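Let's take a friendly walk through a protein model, one stop at a time. Keep the structure open beside you as you read.

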Amino acid sequence: ITDCTNGGLVVNCINNSDIDMSFGTLNETQYIGGVVGSTKNGQSGVACMANCINNGNIKIIITTKAKNVYFGGVSGTCNTGGVIDNCTNNGNLYYEYTPGGTGAYPNIGGVTGYTAATINDSRNYGDVTWKSGSESVTRPCVGGVAGYVSGGINNSSNAGNVSVTGLFGNTNTTSIPSSAGTMPYPCLGGVAGCIGHTKKRPNCNNCENSGTLTINIATAASGK
């Protein structure tokens with residue numbers, strides 16, 4: 001519906017359309033969501049997005065090279081303080097990164113890919129699928145409701161299936177850009193892939209996962 005908001009409120013918005021995107025080389029960070037790509041400059045404790053729904057299936061395929069990708073059913077990212085309140089994703093999300101290599105740090109979730117906001121009373125019913133076709137040193141965060149949450153998550157649930165397939169090369173925290181978080185390994189979960197940050201200790205309260213989590217990954221060094 002919209003690419004970006006700067007301090008505004010996204011409320012009572014619904015996307016019913018499917019989104020199918022294929023990229024070659026991406027030289028800039030991408031923010032992809034059914035309702036909004038990115039919300040910025042939210043106020044702590046104040047809703048930045050409320051009562052929004054995505055009903056469309058979203059498919060992203062990257063064939064050459066990528067930078068950070070923030071991909072969610074409702075929003076790609078809410079990258080400052082605020083609250084995501086009562087949002088729902090019903091669409092299936094599919095992300096495929098075919099070339100391997102460096103440069104792609106995806107955060108993918110049914111409601112939002114990455115958020116520094118607090119998520120309240122939100123739910124995902126769609127399947128979330130991440131696939132890498134060859135060796136990559138990416139650090140994906142993939143979750144049913146959110147890929148990466150640094151602001152906390154409350155009273156939220158996932159009923160969609162989460163599937164991750166990939167081969168990962170050796171890496172460490174010094175090779176990961178600060179904007180991608182500090183985790184050197186894939187972070188995968190039914191509700192959220194990763195919750196927290198080195199300088200924050202957010203809570204995960206009253207959350208539930210009923211979807212199936214399927215993980216088929218290996219590291220290049222060990223093969224397992």
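At 38% relative accessibility, N155 counts as partly exposed, because that label covers values between buried (under 20% relative accessible area) and exposed (over 50%), found with a 1.4 Å probe on protein chains only. This is a predicted model, where local features need pLDDT of at least 70 and side-chain atom pairs count only at pLDDT 80 or more, while totals for chains, interfaces and linings use all residues. Residues are numbered from 1 along each chain as its sequence is written, and side-chain values use heavy atoms, leaving out hydrogens and water.

You will find N155 in the loop between β22 (153–154) and β23 (157–158). Strands here are DSSP runs of E with at least two residues, numbered from the N terminus. The phi of N155 is near 50°, a positive value in a residue other than glycine. Most residues other than glycine have a negative phi. N206, also not a glycine, has a positive phi of about 55°. Its place is the loop between β27 (204–205) and β28 (208–209), and N206 counts as exposed because its relative accessibility is 64%.

Now look at G189 in strand β25 (residues 187–189). Is G189 buried or exposed? G189 counts as buried, with 7% relative accessibility. Leaving aside residues up to four places away in sequence, G189 touches V142, G143, G144, V162 and L213, where contact means heavy atoms within 4.5 Å.

Finally, visit strand β19 (residues 128–132): V128, W130 and S132 form its covered face, T129 and K131 its uncovered one. In a regular strand the side chains alternate between the two faces of the sheet.

Notes:
Helix = DSSP H or I, 4+ residues; strand = E, 2+ residues; numbered from the N terminus.
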